[in-house]
Amino acid sequence: MRFAAPHPSRPFLRTILLALALTTLATLSALAQNEGTLSTTQGASISDETLRDLLDEHIPTNNAHSSLVVLTQCYGGDTANDLTGRDNTAVLSATSEGETAVYGGYDNDAAAALRPGKGRTSDTVHDAGVAGKHASETPTKSGDAVSLEDTSETGDIRSRHVLVYAGQPDSRAGRDNDQRDTIESNFAGKTNTTVTTVGGDGTGGWDHAGSRAGLTDALEAISEQMNENEQFILFVTDHGDLHPTAKNVSVPAETDQLIELTVPDYLVLDMLGTTVNDDYTGLSFYIEEDTFDPESVAPSFLWLTFEGNPTQYAVSSVDFVDINDDGQIQGDGEGYLCTIPVPEQVLLAGAGAGAHTVSVEVHNNRPLPFAPDKMRVDSGPIPKGENGSFNPQAGPGPNPPSAGTLTSSTRSLPAVQASFISDSPLSVTGLAASASFVNTRPARSYVASAYQDTNANGQVDEGEPLLGTDGFSSDEPTIGIEEVSVIWPSGDQVRVLLTVGAEAQATPTQTALLGLGGLAVLGILLPVSLPLIRRRGGVWLGVTGLVLVLAIAALVPACATTSPGTTEGSETFTVSLTGVTATNADTGAPETVDGLPVTGATITAE
């Protein structure tokens, strides 16, 4: 566990947290909000509140002519909320609350228009972004327009300082690096103008690392040049995070308490629709208390559990947020950010098509209350869409199957659950999968069945559509489910569940012996039936008897087939969903689904 060292003046192991009254879940829900944050390459993401505090500390409005903030990352509309109303500041966003942004939409047109010139203002930038936006983006702006006239020694704006931020920049054509270069070019050679870039690891054309420390260093350097005749511009691109947050959480000393946080339906889709965020999801809490001791939240003192999951999740890192970089907690926004990594499939276990409630049990094993200023679900970085459209995305489902054993009493098991999302409706005509065997038994085969898991519970329920079936074995591990005919709607999360079952089989010896037994039965019963046919009035009875005898004789060999539990030995395998054959239901164009393969649980067949 990585902990930031407390300030040297703080005694080790001293913990005094503000005791708050027990907060009901209804109150928590009423106080919940969503934080739009900036993604980072290093350390925790930068919350909208922290961004506002950093700007107020280093670029105070009374020491600047004006400021312009352009937010083109995902959830920029949520980040903009904390900046709205700031004096002499225009805030532009590619999106409204709860929306993801798109590369090649608002962002690159706004970047191209962000340049000085006669008659140009922040509205010029916004209008260009709106003209080039993607259909899914709903741009917003707040504050009075600010001038982008050229700087001059005697004009209203005598110098200008531009900062471009991208926490995890994308170097592909038209994306973050290109937008950075465009803005640098737009201001190159202008009088008393600087352009500072913050992104990635601080190399490859970036001046500072894409982290809170890197952003703070850049702002501090700009701050030294600011006065009432200076203008500041911040352009943010790259990914964005969204953190559903509850305030005034309080857990009494030596008490366990359930806390509920609501993840909006659109964020559930966004999280499941990408794998970029998988290493960053979890819960975090923030404590603005100068006497807080990070050791007080060590795993032996504080941990979390989730319903139906016995795993204990504990704080892995504590970051000291020091806005003015003086080593002490003195103002609003300064404190300790404690991060608890939790896998996405745990956070979103059981998530359906609507909003999802994360129910977390906080175990406070300390002699004092646990009363953070806020507690939040961390979505991890959500990337922008792909060049004006979202490629269909696949990922693990919210209720992935557990390892299981095929026996005589368990004829089929869920093997793999996958989630799919697309911004266009998909016409799906085929699914591909494969099985990977660890140990094998000869002459054993299985059936894979694909279902649309409409309630996302990881089980086959009555009425859920069967998409198709196919057989496989260790000799033929490839699974091809063809002639699928289904439309997956745009924007909705679609879950597919693949189950496996053992085909009925017989050993050669059993088949031969029971086949002979069938002939013997036929030889015994046939003479009994034939006289019935000869008797007057008994023709129909005799014919019926003969038919029954033949049927019984035919069924005897079939009874030789064995269930999964009767073949000697066992074999183990996993199944992976490897491909989807689909076209755009509107245009007919072929679609490529990203994020595959999705691998399922280990299955043992006895």
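Guide: In this predicted model, the count comes to 3 cavities of 30 Å³ or more. Take the largest cavity. About 70 Å³ of space lies in it. Which residues line the largest cavity? They are S45, I46, S47, T50, R212, Y286, V321, L337, K374 and R376. Sort that lining by class. It has 4 nonpolar, 3 polar and 3 charged residues.

Now pick out two residues of that lining, Y286 and K374. K374 lies over the face of Y286. The distance from the ring centre is 5.3 Å. A charge over a ring turns up at another place too. There, R180 lies over the face of W206, at 4.7 Å from the ring centre.

How many aromatic pairs does a search of the whole structure find? It finds 11. One of them joins F306 and Y313. Their ring centres are 5.7 Å apart, with 75° between the planes. That pair is edge-to-face. Are these two residues buried or exposed? F306 has 8% relative accessibility, so F306 counts as buried, because the cut-off for buried is under 20%. Y313 has a relative accessible area of 11%, so Y313 is buried as well.

Compare the pair of F437 and F472. Their ring centres lie 6.4 Å apart. Their planes meet at 50°, so this pair is tilted. Where do the two residues sit in the chain? F437 lies in strand β21, residues 426-439. F472 lies in strand β23, residues 466-473. The pair therefore ties together parts that are 35 residues apart in sequence. Both F437 and F472 are buried. They also belong to a wider group. F437, Y446, F472 and F573 form one aromatic cluster.

One last stop is a serine. S122 lies in helix α5, which covers residues 122-132. Why does S122 count as buried? Its relative accessibility is 1%, and the cut-off is under 20%, so S122 falls in the buried class. What is around S122? Leave aside its neighbours within four places in sequence. S122 is then in contact with L68, A90, L92, A145, V146 and L148.

Go on to the aromatic cluster of F437, Y446, F472 and F573. Finish at S122 in helix α5.

Key: Residues are numbered from 1 along each chain as its sequence is written. This is a predicted model: local features need pLDDT of at least 70, side-chain atom pairs count only at pLDDT 80 or more; totals for chains, interfaces and linings use all residues. Side-chain values use heavy atoms; hydrogens and water are left out. Helices (H or I, at least four residues) and strands (E, at least two) are DSSP runs, numbered from the N terminus. Buried means under 20% relative accessible area, exposed over 50%, partly exposed in between (1.4 Å probe, protein chains only). Contact means heavy atoms within 4.5 Å. Rings of Phe, Tyr and Trp (its six-membered ring) pair if their centres lie within 6.5 Å; planes under 30 degrees apart count as stacked, over 60 as edge-to-face and the rest as tilted. A charge sits over a ring if NZ of Lys or CZ of Arg is within 6 Å of the ring centre and within 35 degrees of the ring normal. On a 1 Å grid over the protein atoms alone, a cavity is a set of points where a 1.4 Å probe fits but cannot get out, and a pocket is an open set with protein on both sides within 12 Å along at least five of seven lines; lining residues have an atom within 4 Å of a point. Grid points are joined across faces, edges and corners, and a volume is the space filled by probe spheres set on the points. Ala, Val, Leu, Ile, Met, Phe, Trp, Tyr, Cys and Pro count as nonpolar, Asp, Glu, Lys and Arg as charged, and the others, Gly among them, as polar.
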